[in-house]
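These are my notes from a first look through one structure.

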Amino acid sequence: MAKFTKVCSKTLKLTIVKDVKMAKFTKVCSKNEIEEGKGKVVEVEGKKIAVLNHNGKFFAISNTCAHMQGPIGEGECNDGKVTCPWHGWEYELESGKNTFDENIKLDTYEVKIEGGDVLVNPKPKK
Ligand code: FES
């Protein structure tokens with residue numbers, strides 16, 4: 001006398017699996033190509049992304065500063081932030097938030113290290 005109740009449809013299950021597979025990491029460089037405190041600009045799926053090495057941890061953030069489109073990848077990292085080389089605006093490496101006005105935020109991306117390689121998921125973090 002077991003009673004079965006429908007809990008989801010096959011269509012829903014397939015949709016979820018498809019979304020998980022969309023996280024596509026792309027190798028962008030080797031770890032040793034980026035000095036401590038510095039960055040490198042890479043292009044993935046048409047997006048210019050700054051990959052930065054801060055205390056041996058790698059971060060990926062939009063390369064385009066919200067002020068006047070300065071190159072974030074040419075900035076320097078300190079205290080969990082990167083400073084735009086043009087006029088000094090600072091952004092938190094984890095969140096992309098501007099340190100003067102948190103309503104201003106750059107896209108950030110997931111980074112994965114595999115062996116000596118740095119991989120970036122070009123889909124912006126939420
Ligand atoms: S362009 Fe980045 S601070 Fe001005």
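**Core.** I looked up the largest nonpolar core and found 22 residues in it. A nonpolar core here is a set of buried Ala, Val, Leu, Ile, Met, Phe, Trp, Tyr and Cys residues joined through C-beta atoms within 7 Å. A residue is buried if 20 or more other C-beta atoms lie within 10 Å of its own, exposed if 12 or fewer, and partly exposed in between, with C-beta atoms placed from the backbone. The residues with the most contacts inside the core are Ile-49, Val-51, Leu-52, Ala-60, Ile-61, Ile-72 and Val-120. Strand 2, strand 3, strand 4 (57–62) and strand 10 are the elements that give two or more residues to this core.

**What I am reading.** I note that this is a predicted model, in which local features need pLDDT of at least 70 and side-chain atom pairs count only at pLDDT 80 or more, while totals for chains, interfaces and linings use all residues. Residues are numbered from 1 along each chain as its sequence is written.

**Whole chain.** I counted the elements next: the secondary structure comes to 1 helix and 10 strands. Both are DSSP runs numbered from the N terminus, helices being H or I of at least four residues and strands E of at least two. Along the sequence the pattern is α-β-β-β-β-β-β-β-β-β-β. Of the 126 residues in the chain, 27% are buried. I also checked contacts, where two residues count if their C-beta atoms, placed from the backbone, lie within 7 Å. Among contacts with a separation of 6 or more, 38% are between residues 24 or more positions apart.

Strands count as paired if DSSP finds at least two bridges between them. I then went through the pairs in turn.

- Strand 2 and strand 3 (residues 47–54) are antiparallel over 6 bridges, and Lys-40 stands opposite Val-51 in strand 3.
- Strand 3 and strand 4 are joined by 6 bridges and run antiparallel; Ile-49 stands opposite Ser-62 in strand 4.
- Strand 4 and strand 8 run antiparallel with 2 bridges, and Ile-61 stands opposite Thr-108 in strand 8.

I looked at the turn between strand 3 and strand 4 as well. The two form a hairpin with 2 residues between them, and Asn-55 in the turn has a positive phi of about 55°. Strand 4 has 5 of its 6 residues buried, so it is largely enclosed by the rest of the structure.

Strand 1 and strand 10 run antiparallel and are joined by 4 bridges, with Lys-27 opposite Leu-119 in strand 10. Strand 9 and strand 10 are also antiparallel, over 4 bridges, and Val-118 is the bridge partner of Ile-113.

**Gly-115 and Gly-116.** The hairpin of strand 9 and strand 10 has 2 residues between the strands, and Gly-115 there takes a positive phi near 65°. Gly-116 is in the loop between strand 9 (111–114) and strand 10 (117–120). Is Gly-116 buried or exposed? Gly-116 is exposed, because it has 10 other C-beta atoms within 10 Å. Leaving aside neighbours within four places in sequence, Gly-116 is in contact with Ser-30, Lys-31 and Asn-32. I also checked Glu-33, which is 83 residues from Gly-116 along the chain: their C-alpha atoms are separated by 9.9 Å.

**Positive phi outside glycine.** Glu-45 has a positive phi of about 50° although it is not a glycine. Glu-45 is in the loop between strand 2 and strand 3 and is exposed, with 10 other C-beta atoms within 10 Å. Gln-69, also not a glycine, has a positive phi near 65°. I found Gln-69 in the loop between strand 4 and strand 5 (76–78), where it is exposed, with 11 other C-beta atoms within 10 Å.
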